[in-house]
Amino acid sequence: MSQTQLVYYTLHSTLLIVKTTNEHVWCQLKKVNRRCHGECFSLTDGMYGALRAANTFRVAAKSVLQCEDLIRAKVPAVSFVGKGSYLQTPHRADFHQSTSKNYINCLCKEDKKTNFGVREMATGSTKKMNRLAKEKSPYLLQHAANPVDWYPWGEEAFEEARKQDKLIFLSVGYSTCHWCHVMEHESFENEEIAHIMNDQFINIKVDREERPDVDRVYMTFVQEFCGNGGWPMSIWLTPNLSPVHGGTYFPPNDRYYGQTGFKSVLLEISKQWREKRESFLESGSKIMEILERTSKMEISDSEEISSASWKTCLEQLSSGFEDQYGGFSQAPKFPQPSNFNFLFHVFSRSPSSPEGRSALSMSLHTLRMMAKGGIHDHISQGFARYSTDERWHVPHFEKMLYDQAQLLVSYSQAYVASKDEFFRDIIYDIFTYVCRDLSHSSGGFFSAEDADSLPGFDSPKKREGAFCVWTHEEVESLLESRFAKEGSAVTLFELACHHYDIRMNGNVNPNQDPHDELKNQNVLIVNGSEEETAEKFGLTVHETKNALKIIQSVLHESRQNRPRPHLDDKLVAAWNGLMLSGLSKAFEATDDASILDRAIRAANFLEEHMYNKETGSLLRCCYQGEKGALSQTEDPISGFADDYSYVIRGLLDLYEASGNSKWLAWANELQDKQDEKFWDDEDAGYFSTAQDPSILLRLKEGQDGAEPSCNSVSASNLIRLAGMLEREDLEDRAEKLLLAFKQRLEKIPVALPEMSSSLLLYQDSPTQVVVTGDPRSESAQRLLAEIRSRLIPGRVLGYADGDEDGILYQKNLTVKKMKVLKDGKASAYVCKNSTCSLPVTKQEQLQQLLDESVSLL
């Protein structure tokens, strides 16, 4: 029987779909469906094969995935990029059958039905790729097939702008940005607009996650120029890189309600550059002068910060707290894990005080409502970026690694503080998601999954949330014939509709769906509880939980047959550092060795792939290439201050979780390198970037947002390392850093909750706990279980394991005096304000010492 095969492939999601007339091959492929993350189905009508990728699969792929031994595809030099994910190859991709090697045979032709086709760099009617085709960033590769003559950020583009005396148009975004996709489709794929851009400007495209230094400088300009910021960010620069005009998203044409279109903006700016250059430059220069002034820290003469600063932060958070659904703002609502870190710290230092009870209550209520809301993926786990409404119901569906990492810490803290199994379940929920969908085989973690995807493989246009939402009819078809338990008349469909609020016409408020993308769709949300659902249907709670697990499994399996969202398979050092902290804290909360093993793999990944051992420096990114191999750009991007601060914190957390002093030693080395590259000797604090002639301003991040400020995290790192290694120089540096932010910490500490927590750590002095003996021994594990069973304010945990060559013995004279007991039994010391207790060997003795350390605050 002759075969005609159609291969869909995207490396980022390892999607492999094979259509074939060979029913035997089809049946065999069904068996590996799960591994391939796709589906294999028969094709009744013969047709030319075509290699194509769906409209949302905008990421480079340099090989075709091997799908066990059933089918092997060999594709010369292919890249799927841009709209339609066109195939780039130096020649036509003709594939010839080789029975012995089981190669896929297909002739790449245009698919008239969907207008996807082959785009070659060579000749003929096809269009060549722009310079971005040589890049590795998934975001840049999404734009490699644009008719815009894009440059990556670099000297080649700057020199061309100077030579041609043209303004630079700089577009900044990221690969999972919804409005970045919209502007690309409307403007950058528009031949007329692209012609204007190419004729009048030098055009540069930047991935903000790859180059946060570029993004930070020009976002500061846009916020000052427009009063707000966001992505895509659109900036016009002089050839010397000074900004003169900017904005965010522009529609392609003028709109009736007054918004100027991108084409009009391009033409007007080009005209002003030709005719009114001096006045045009003057406004940009004035704004830059303002930015230079405002970027300077306000230095205080005072040598201390008010001890009431943390109370101000708590009051400001409390005043913004929304007590019905939780969160610290009205819609839209963001998770803001830095708030939880601060609130759990406040609770830990005075659990029975009004402040402590309030801090705990706000945290637990918000985290519970988030987990019950639609921002939480009840079917395939993990959390979306934010909620568009006050109920946490309708999310912006992209899933970011940095959110999963920080929320893993938050839910671990919630479980330790409350002992409520609900929060423990969410720890495993996030862990399952990142290990399954965001993990590279080397141990590293990918960056994000997109909000948008195709509703079906033949759909011409992607839609936000398409991968995640459900119609009433879909759920009915999957669950109507299944029952909640044997002998019960209650179907899983009835149970699912009640528990997850699934409605006939959808459950999304039209006000939350301005583009009708969620019309008649359901975003699953839990308005009640498992106990209430059990009572309604006459089931036990145990039976209800089992039924819900079956529902989740069935719907998850069904979802895998949908086109997956684009995966940004870039690996970022900073975000992997955050995940290292999340996994370490999750292990301490659950005592699950598999979580600790995953954390160690992540640390090994960072050391092997994101660290230059010759220079002792971190790298910002690495990229997935052929057959999953990791690679760097030709000129690797050096790590920024947040890469260092997040990785150092992750290593300190891993040291405390594992007891392996290797991680403490590496954290110490990286701290010295961070100080060398980023510390401001004049005004204190850390610049976000090292010296770079292409970066006009060296800024200091002074706000904890979706990610905490590198200065906030660094303050804590310095204090912890100073305590562990008796380094007074680091303690002095922490004091100077905090004083540099004195005015903000005293007046608007709600902008810096992570730093407010670091300030508490500094003012209270860390609670140092040292466990002697083999940390793997049974006696040590009992003591560690007591330590990890509670939130200890400012806890610094060390291990005196007898290895006198280890860094703790080399640096900390106090620890060096702590002898391992002759019988090998573990003991524990609790130190506060440079005073250590006598060693104790029993849990109840340690419990008393820890209680006493809190009472001293």
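Start by selecting Glu315 and Ser319: these exposed residues sit on the face of helix H10 that is turned away from its buried side. Keep in mind as you look around that this is a predicted model.

Now show the whole of H10, residues 309-320. The helix has twelve residues and runs 17 Å from its first C-alpha to its last, close to the 16 Å expected at 1.5 Å a residue.

Next, pick out the buried residues of H10: Ser309, Trp310, Cys313, Leu314 and Leu317. They lie on the same side of H10, because they cover an arc of only 145 degrees around the axis. There's a simple rule behind patterns like this: an α-helix has 3.6 residues a turn, so residues three or four places apart point the same way.

What do the buried residues of H10 pack against? Colour helix H11 (337-349), helix H12 (354-372), helix H25 (742-747) and helix H26 (753-764), and you have the answer.

Zoom in on serine 309. Is it buried or exposed? Its relative accessibility is 1%, so serine 309 counts as buried. Leaving aside neighbours within four places in sequence, serine 309 is in contact with Leu745, Glu746, Pro749 and Leu759.

A search of the whole structure turns up seven cavities of 30 Å³ or more. The largest cavity has a volume of about 730 Å³. To find it, select Val409, Gln413, Lys585, Asp653 and Arg720, which are the closest to its centre among the 34 residues that line it. H13 gives the largest share, six residues. By class, the lining of the largest cavity splits into twelve nonpolar, twelve polar and ten charged residues.

Move on to the second largest cavity, at about 150 Å³. Its lining has 17 residues, and Gly374, His376, Asp377, Phe397 and Cys468 are the closest to its centre. Here the classes are ten nonpolar, four polar and three charged.

Last stop: the second largest pocket, with a volume of about 1000 Å³. Select Glu135, Pro152, Trp153, Arg211 and Asp635, which lie nearest its centre out of 37 lining residues. Helix H4 (155-164) and strand E8 (201-207) each give two or more residues to the lining, and H4 gives the most, with four. Colour the lining of this pocket by class and you'll get 13 nonpolar, eight polar and 16 charged residues.

Note on methods: Residues are numbered from 1 along each chain as its sequence is written. This is a predicted model: local features need pLDDT of at least 70, side-chain atom pairs count only at pLDDT 80 or more; totals for chains, interfaces and linings use all residues. Side-chain values use heavy atoms; hydrogens and water are left out. On a 1 Å grid over the protein atoms alone, a cavity is a set of points where a 1.4 Å probe fits but cannot get out, and a pocket is an open set with protein on both sides within 12 Å along at least five of seven lines; lining residues have an atom within 4 Å of a point. Grid points are joined across faces, edges and corners, and a volume is the space filled by probe spheres set on the points. Ala, Val, Leu, Ile, Met, Phe, Trp, Tyr, Cys and Pro count as nonpolar, Asp, Glu, Lys and Arg as charged, and the others, Gly among them, as polar. Buried means under 20% relative accessible area, exposed over 50%, partly exposed in between (1.4 Å probe, protein chains only). Contact means heavy atoms within 4.5 Å. The expected span of a helix is 1.5 Å times one less than its number of residues. The arc is that of the directions from the helix axis to the C-beta atoms.
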